[in-house]
Amino acid sequence: MPSLCQLRNFNKIMIMLEINFEPFPKLSTERLVLRQIKTSDCDDLFLLRSNSRVMQFIDRPRTKSPEDALKLIQTISEALINNEGITWGIFLKDEPGLIGTIGYWRIMKEHYRAEIGYLIHHDYQGKGLMQEAISAILSYGFNTMNLHSVEANVNPENAASIKLLERNQFIREGYFKENYYYDGKFLDSAIYSLLTP
């Protein structure tokens, strides 16, 4: 007869979140198509990730060349293949250019939780497009991936992102003082989360 410890370990293995992103889930909204980012999107991704206004509150290195963008696409693809993360490119319907990205880049399968991340070109901010995108992937996350909660780690100065999260019922759960070192500075982090509706 198995011991209590063996049963507990078995139950942990059995109840861990199972994820499979094959085939890639293409999503649509009223004005947008959310699809897999391809190597052909490299130049658009480079322009997004090298833009100082777009990256103002994304505390990550900017791309310095199309080769950097290509490496980022490879990293995104590897996370997808390993079912460790998924990133959609954001496109206007009937227009080919990549205008943003959104996805779950850190999935904690044992906790049924994922961290959401997103950005959109400043020319398309304030038009409700990111609201359409976040609604689509939250629906996918809760209804298809079977997530229990979604987390967002936000630069506290990013008022637009915080407003978007709060509009989607995210609640601030924590505020960490100078917990993140980037570009020669210690930065604060605000943590927001949303439980399954």
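This is a predicted model: local features need pLDDT of at least 70, side-chain atom pairs count only at pLDDT 80 or more; totals for chains, interfaces and linings use all residues.
Q: Within what arc do the buried residues of H2 fall, seen down its axis?
A: In helix H2, which spans residues 42–49, the buried residues are Cys42, Leu45, Phe46, Leu48 and Arg49. They line one face of the helix, because seen down the axis of H2 they fall within an arc of 165 degrees.

Q: Which residues are exposed on the other side of H2?
A: The buried residues of H2 are covered by elements that include helix H3 (66–81), strand S4 (98–108) and strand S5 (113–120). On the other side of the helix, the exposed residues are Asp43 and Leu47.

Q: Is threonine 63 buried or exposed?
A: Threonine 63 has its place in the loop between H2 and H3, and leaving aside neighbours within four places in sequence, it is in contact with Phe46, Arg49, Ser50, Asp68 and Ala69. Its relative accessible area is 10%, which is under the 20% limit, so threonine 63 counts as buried.

Q: How far does the backbone oxygen of phenylalanine 46 lie from a polar atom of the side chain of threonine 63?
A: Phenylalanine 46 is one of the buried residues of H2, and it is also among the residues in contact with threonine 63. From the backbone oxygen of phenylalanine 46 to a polar atom of the threonine 63 side chain, the distance is 3.2 Å.

Q: What is omega for the cis peptide bond that joins glutamate 22 and proline 23?
A: Proline 23 is placed in the loop between helix H1 (4–15) and strand S1 (27–28). The peptide bond that joins it to glutamate 22 is cis, with omega at about -5 degrees.

Q: Is asparagine 83 buried or exposed?
A: Asparagine 83 is found in the loop between H3 and strand S3 (86–92), and its phi is near 55 degrees, a positive value in a residue other than glycine. Its relative accessible area of 16% is under the 20% limit, so asparagine 83 is buried.

Q: Is aspartate 94 buried or exposed?
A: Aspartate 94 has its place in the loop between S3 and S4, and its phi is near 65 degrees, a positive value in a residue other than glycine. Because its relative accessible area is 83%, which is over the 50% limit, aspartate 94 is exposed.

Q: With which side chain does the side chain of tyrosine 175 make a polar contact?
A: Tyrosine 175 is in strand S7 and counts as partly exposed, at 34% relative accessibility. Not counting residues up to four places away in sequence, it touches Pro156, Asp188, Ser189 and Ala190. The side chain of tyrosine 175 makes a polar contact, at 2.8 Å, with the side chain of aspartate 188.

Notes: Residues are numbered from 1 along each chain as its sequence is written. Side-chain values use heavy atoms; hydrogens and water are left out. Buried means under 20% relative accessible area, exposed over 50%, partly exposed in between (1.4 Å probe, protein chains only). Helices (H or I, at least four residues) and strands (E, at least two) are DSSP runs, numbered from the N terminus. The arc is that of the directions from the helix axis to the C-beta atoms. Contact means heavy atoms within 4.5 Å. A polar contact is a pair of N or O atoms within 3.5 Å; within protein, one must be able to donate a hydrogen and the other to accept it, and residues adjacent in sequence count only if both atoms are side-chain atoms.
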